[in-house]
Structures are given as C-alpha cells and as structure tokens.
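Work through the following exercises with the model open. Each task is followed by a solution in steps.

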Amino acid sequence: MAFRRLLVEVSRQHSQLRPLKNLFACSYHTSLKFGGNTGTISESLVPRASNNQECNFQHPTCSMMLSRALYSSDASTLEVGPTEAAKELYDKLLKSVIEQRTAPPNNWLWTLIEKCANREDIKLLFNVLENLRKFRLSNLRIFENFNDNLCREISKACVRVEAIEFGKKTLWKHNVYGLTPSVASAHSLLLYAKEHNDANLLVDVMKLLKANDVPLQPGTADIVFSICYNTERWDLMCKYAKRFVMAGAKLRRTSFDTWMTFAAKLGDVDNLWKIEKLRSGLMKTHTIGSGFSCAKGFLLEHKPEEAAAMVQVVTQTLLEAKRPDIMAELEKLVSEWPLEIIKRRKDEDKKALAAGLQQDISAMIHSLSGLGVKTNVKMDDLTKMPL
C-alpha cells in the first residue's frame, strides 16, 4: 500500500514537470532509484538529446528565456564578455608572471592596452596590472610605479571603452595597480565629461585631484571652465575658478574668456569686474571674448559710451583678419545677448531691463560710428525685443 502511494506521488511530480519539459525542444529523462527499504527517489532534469543529436534550443519561449539570461539587471545593457584578443594576451601575461615567474615582454602589456575594446577587457587589464605589480615587488624588487606614459594610456583606454569607474582608479595615489595619478589621466576623464556634458563626472574628478594631491594646471582650467559653461553650472565655475586661482595656476586667455563670457551671459556685473581685475593683472590686451564681456558689463551699468570705447579698443588691437569675428560678436550682442539676460530676470524687472538695453545698445552703436568703427549691424532684432 505504501509502495502504491509512493508510485502515485512520483507520477504526480512527474506530471508537474511537463510544462517545464515543453519549454525545450528536447526530452528529459527521469530515473527512479529505490534504495533498500528507504524508498528514496532521485530525478534527473538533465536534457537528453533526441536521436543522438545535440540539443539546440530553438523553441521560441526557450529562446526568449535565454535572451533574458544574457542581459544584466539593466535590460538595455547586454552582458559582453572579454574579446578573444584581450583574453589571449591576458592568459599569456598571467602565465608568465604566475606560472613561469618570469617578466613578460613589455610589448605584451602595451598591446593589451591597445586591444581593450570593452569593459570586460579593462577588467582583465587591471587584474594583470595588479599581478604585475606584485611580481615586480616580490621578484624584481622594483618599488616604483609603472611609468607615466603607461598610466596615461591606461586612462585613455578606460575612457575609450567608457569604463569610467576604472578610469577614476588611475587617479588614486595609493593603489594596487602600480599607477601614478597625473594631470594627463585627469584630462582624459575631463574631456569625456566635456563631450557628454557630465557635470557629475567633473565633480568626481576634481575631488580625486584634490584628495590625491594632483597639481592643477592651466590646461585643466580650460576643460573645467568649458564643462561649467556648457552645463550652465555657475556655482561650479565660481568654486573651481577660486581653486585654480588659490593654487597659483596661471589661467590662459581662453579660460578668462569662458569665465567672463559666462558672467556677462548671466548679467553678474560684480563678478565680471572681479574677473577682469585678475585678467588685467596677467595680460594687458583684450581678446574678443574678454573685450565684449566688458562692453556688456558697461551696458548693464547704463554706460554705452564706455561700451563703445571697449569695442573700439578690441577692434584696434586685433589683426585685420579678426575683423569679421568682431562684427559677428557685435551682431550677437545686439540680437542674442539681450534676450539671454532678460529671460534670467524676474518678471517685474524684465520690462525695465529690456527698455534700458534697447536704449543703451542703440547709443553704443551710434557712438561706434562716431569713433570711426564701421558697423553693419541689423537693429531689427533689438527694436522687436519684447518690452
């Protein structure tokens, strides 16, 4: 009687497996084992190919399940393994340092860096770096990090395949990979942030530079200021500009242009004149960017004659070849800049500001004619500006 109940239970469990078996285009084998009087049962759910053929999962439902399995928790991100080229070099490098205990040829590591094509390749690269670091310490008694050129190329590889988290590790002062943080590595990450308008990455990189004592360079400021301007983060611009100035970095004309253009765009006259004071202490002549920023500052202070005089100075200072650029900037001052300023003001201030800019810009253009500066600016956009 007990044996009959056992057979009934086995039959019931077997019937519950049918929906599972129907998912696959292959059969399942169920085996029963009775051990003495214990009545133990084991059931194998290993797929068995039909007609001695390899089981190919062609059933639509099965294919869908397998496709899902290939994806990570983010359904839009396909899990991709390391490339064959990177894996081959990785295996050779590890075999050399772990099994053979010999230093591998330098070109193997350089080639691996060049061959990295995805995030998994970068993982292999960093694993190799850690093992090479240990080998250099224990076997070769080399305590120095890898050379700067190698560190720079590793950061470029991380950015190239968008393995940004690994790229940040190149800026760690104390790491197990033998990497030395440098401005060159930081620039690779910052240029990626600039390309993608990623202010969050900018913040992360600047924190890493500070924490790992990487000195700030004028070229770094150029990239940082561009990101702040493009993402309209005036708060970050002020924060990092102060850091560069306090660190003694001699900002380039391009950095001052971006900084002053941003201040003029926002109508922040107080900060504009502070920046101009810093700039004039380092360089005497104006660029188009700094000169027109100052002219906009004068216009916001209702000083159209001073604004015209500033445009005249820029015109006389720059080469004849730059005259078309000056005229283009003058066009934007008339047609684009007033609207940019007005939209950032409170509603109750907009009408008075628009009327004032119409009057002052018209007076500036008139003064330019009196100063001998030829202008061919269309005033239609200015006169049509909503009051």
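**Exercise 1.** Sort the residues that line the largest pocket into nonpolar, polar and charged, and find which helices supply them.

Step 1. The lining residues of the largest pocket divide into seven charged, four polar and four nonpolar. Here Ala, Val, Leu, Ile, Met, Phe, Trp, Tyr, Cys and Pro count as nonpolar, Asp, Glu, Lys and Arg as charged, and the others, Gly among them, as polar.

Step 2. The model is predicted: local features need pLDDT of at least 70 and side-chain atom pairs count only at pLDDT 80 or more, while totals for chains, interfaces and linings use all residues. Residues are numbered from 1 along each chain as its sequence is written, and side-chain values use heavy atoms, with hydrogens and water left out.

Step 3. The space in the largest pocket comes to about 300 Å³. Of its 15 lining residues, Tyr 229, Thr 261, Lys 296, Glu 329 and Lys 332 are the closest to the centre. A pocket is an open set of points on a 1 Å grid over the protein atoms alone, where a 1.4 Å probe fits, with protein on both sides within 12 Å along at least five of seven lines; lining residues have an atom within 4 Å of a point. Grid points are joined across faces, edges and corners, and the volume is the space filled by probe spheres set on the points.

Step 4. At least two lining residues each come from helix H13 (253–266), helix H15 (288–300), helix H17 (323–335) and helix H18 (337–343). The most, five residues, come from H15. Helices are DSSP runs (H or I, at least four residues), numbered from the N terminus.

**Exercise 2.** Describe the second largest pocket by volume and lining.

Step 1. About 260 Å³ of space lies in the second largest pocket. Among its 14 lining residues, those closest to the centre are Asn 106, Leu 109, Leu 132, Arg 136 and Phe 146.

Step 2. Helix H5 (106–115) and helix H6 (119–138) each contribute at least two residues to this lining.

Step 3. The lining holds 11 nonpolar residues, two polar and one charged.

**Exercise 3.** How many aromatic pairs does a search of the whole structure find? Classify the pair of Phe 126 and Tyr 177, then that of Phe 256 and Trp 259.

Step 1. The search finds eight aromatic pairs. Rings of Phe, Tyr and Trp (its six-membered ring) pair if their centres lie within 6.5 Å; planes under 30 degrees apart count as stacked, over 60 as edge-to-face and the rest as tilted.

Step 2. For Phe 126 and Tyr 177 the ring centres are 5.0 Å apart and the planes stand at 80 degrees, so this pair is edge-to-face. Phe 126 belongs to helix H6 and Tyr 177 to the loop between helix H8 (164–169) and helix H9 (183–195), so the pair ties together parts 51 residues apart in sequence. Both Phe 126 and Tyr 177 are buried. Buried means under 20% relative accessible area, exposed over 50%, and partly exposed in between (1.4 Å probe, protein chains only).

Step 3. For Phe 256 and Trp 259 the centres are 6.2 Å apart and the planes at 20 degrees, so the pair is stacked. The two residues are three apart in helix H13, which means about one helical turn separates them. Phe 256 is buried at 1% relative accessible area, and Trp 259 is buried at 8%.

Step 4. Phe 225, Phe 244, Phe 256 and Trp 259 are linked into a cluster by ring pairs.

**Exercise 4.** Which side chain joins that of Thr 220 in a polar contact of 2.8 Å? Is Thr 220 buried or exposed?

Step 1. Thr 220 lies in helix H11 (residues 218–230).

Step 2. The partner is His 187. A polar contact is a pair of N or O atoms within 3.5 Å; within protein, one must be able to donate a hydrogen and the other to accept it, and residues adjacent in sequence count only if both atoms are side-chain atoms.

Step 3. With a relative accessible area of 2%, Thr 220 is buried.
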